[in-house]
There are 2 protein chains.
Amino acid sequence: MPCNKLRAEFLKNLDESLLSPLPPFRRLSHGQIREILDLAHPLLVAQGHEVFCEGMSAERFYLLLDGHIRVERINAAGDRVVSLHIPPGQLFGIAAALGRNTYPATSVAATECMTLWWPLSLFDGFAARYDGFADEVHRTVGHRFEEMNSRVMELATQQVEQRVASALLRLTRQNGRQTDTGIEIAFPITRRIISEMTGSTLHTVSRLLSTWERGDILQSHRKHINVLDPDRLEALSRPDAPL
Amino acid sequence: MPCNKLRAEFLKNLDESLLSPLPPFRRLSHGQIREILDLAHPLLVAQGHEVFCEGMSAERFYLLLDGHIRVERINAAGDRVVSLHIPPGQLFGIAAALGRNTYPATSVAATECMTLWWPLSLFDGFAARYDGFADEVHRTVGHRFEEMNSRVMELATQQVEQRVASALLRLTRQNGRQTDTGIEIAFPITRRIISEMTGSTLHTVSRLLSTWERGDILQSHRKHINVLDPDRLEALSRPDAPL
DNA sequence: CGTGCCTTTGAGAAATATCAAAGCCTGTGG
DNA sequence: CCACAGGCTTTGATATTTCTCAAAGGCACG
């Protein structure tokens, strides 16, 4: 269990090298990282539990040390839409950078997650004081914006098959783990969740995955997906490739 | 350079009061606004012309003084998707705030547009020096992010009728002009553009508008749409309201 | 060792796109 | 001043994608 190891690290007081390779802190001295760590609060979140909810007052910002976070929203009719999966090493809950004082979406631990958080009041200070932090926050916002934009494009112009293929590819790229036969999505994921990522239904997703499994594009079993042939999946995801 | 002379002339004639009520400059003194104006370049964009294109190096940021900007992207298959309409008084082309060095989308003048622009190199200085500017940039990014998010939700969970109703409501709220019978969208807009905003087709949009016109929810003629009964449109836009 | 989620698959229904055609404005150039 | 071209709009008929409904088996966890 990686998290147990991390908990051990906490006991011996969080090594600076945990943060120093991460983009928001890359340009900082060990002394600065020590300062930042001393202000941080560790928080372990069990699988399936919420870190914060849409609409909550945004009193903290977070860094994901280990695990995977799923970002989701629910509309008035109760339909859930999954916006994003956040891999380890990234900041999240950075509503402050969007000029907001509430969180725009809900964060759920897709696997057990080790996080650090700081009170929002420190955010501006970090941005002003630590070289590269503000830049990285902007870049993160920019990436998520870009991702949002791509989703809109896909939803507006592509068919379900292409959208599901794109979603799987994105998951393998951003949240994948190399296996000896392919790239596996690094957290448990159901047909239902994929349908919530793609504006589809679990039935349609199930049919697609079955077809792709018969074609040796991927293997799937009970919340696990291992992509064997990303190139073929990529071909299926292209706007002009029906078959 | 005669051009510089003209520019100086133009900017001298621009009254500080043109900028002082706008959110990014609201907290500034007239002296500060004068400084900002003296650094600005005016640009008049004819209807239908592009201000900048997706992928271009982001060397400027803009303020829209008058007119309406349409933000759009084109996918690999050539399908156009309209992301946003920007009303007068807002900043745009603020890729810098997203940690990008290229524009993420294309901006087209939906009506003739009066804009000011500044070289990107001034952006960080503005943010650091002028109280409220950075905040307002963040808020603007936050609003656009929020809007993007709503679009994803709508596309993923709602039917075309509801999406078109939502799109029209948003246009009336953000880009509307009060008339004696209702609220008119303040720039020419075709069925095709509405379909590109909603991931639909011009045929379906045309059928919906015809139906709504028969029901006295709106009036429409040749690129003009006047919403007579926003409440009924709002009801049609709700996730659970099929009829 | 049952209960609840996860998954699969079939059949039919519904929403919406596509194809096709025609009328209508509007601005342009003769 | 008129005629025409090109984009805008409407509407019908048909096709297709994808959802909805239905049912059943499997796996995991308490």
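Q: How many residue pairs are in polar contact between chain A and chain B?
A: Seven, counting pairs with both residues at pLDDT 80 or more. Keep in mind that this is a predicted model.

Q: Which elements of chain A give two or more residues to the side that touches chain B?
A: Strand E4 (69–74), strand E5 (80–86) and helix H4 (133–157) of chain A.

Q: And which of them gives the most?
A: H4(A), with 16 residues.

Q: How many salt bridges between chain A and chain B?
A: Four. One of them pairs Arg100(B) with Glu146(A), where the closest N and O atoms are 3.0 Å apart.

Q: How much area do chain A and chain B bury between them?
A: About 3,000 Å², with 69% of it on carbon and sulfur atoms. In residues, 31 of chain A are in contact with 31 of chain B.

Q: OK, switching to helix packing. At what angle do the axes of H6(A) and H7(A) cross?
A: Roughly 110°, and the axes of H6 (residues 191–198) and H7 (residues 202–214) of chain A come within 8 Å. H6(A) and H7(A) are therefore roughly perpendicular to each other.

Q: Which residues make that contact?
A: From H6(A), Arg191(A), Arg192(A), Ile194(A) and Ser195(A); from H7(A), Leu202(A), Val205(A), Ser206(A) and Leu209(A). By class, the residues of that contact are four nonpolar, two polar and two charged.

How values were computed:
Residues numbered from 1 in each chain as written. Chains lettered and ligands numbered in written order. Predicted model: local features only at pLDDT ≥ 70, side-chain atom pairs only at ≥ 80, totals over all residues. Heavy atoms only, no water. Axes fitted to C-alpha atoms, helices over the stretch in contact; angles between N-to-C directions. Helix = DSSP H or I, 4+ residues; strand = E, 2+ residues; numbered from the N terminus. Parallel < 35°, antiparallel > 145°, perpendicular 65-115°, else oblique. Contact = heavy atoms within 4.5 Å. Nonpolar A, V, L, I, M, F, W, Y, C, P; charged D, E, K, R; others polar. Buried area = accessible area lost by both parts, 1.4 Å probe. Salt bridge = Lys/Arg side-chain N within 4 Å of Asp/Glu carboxyl O. Polar contact = N/O pair within 3.5 Å; in protein donor to acceptor, adjacent residues only side chain to side chain.
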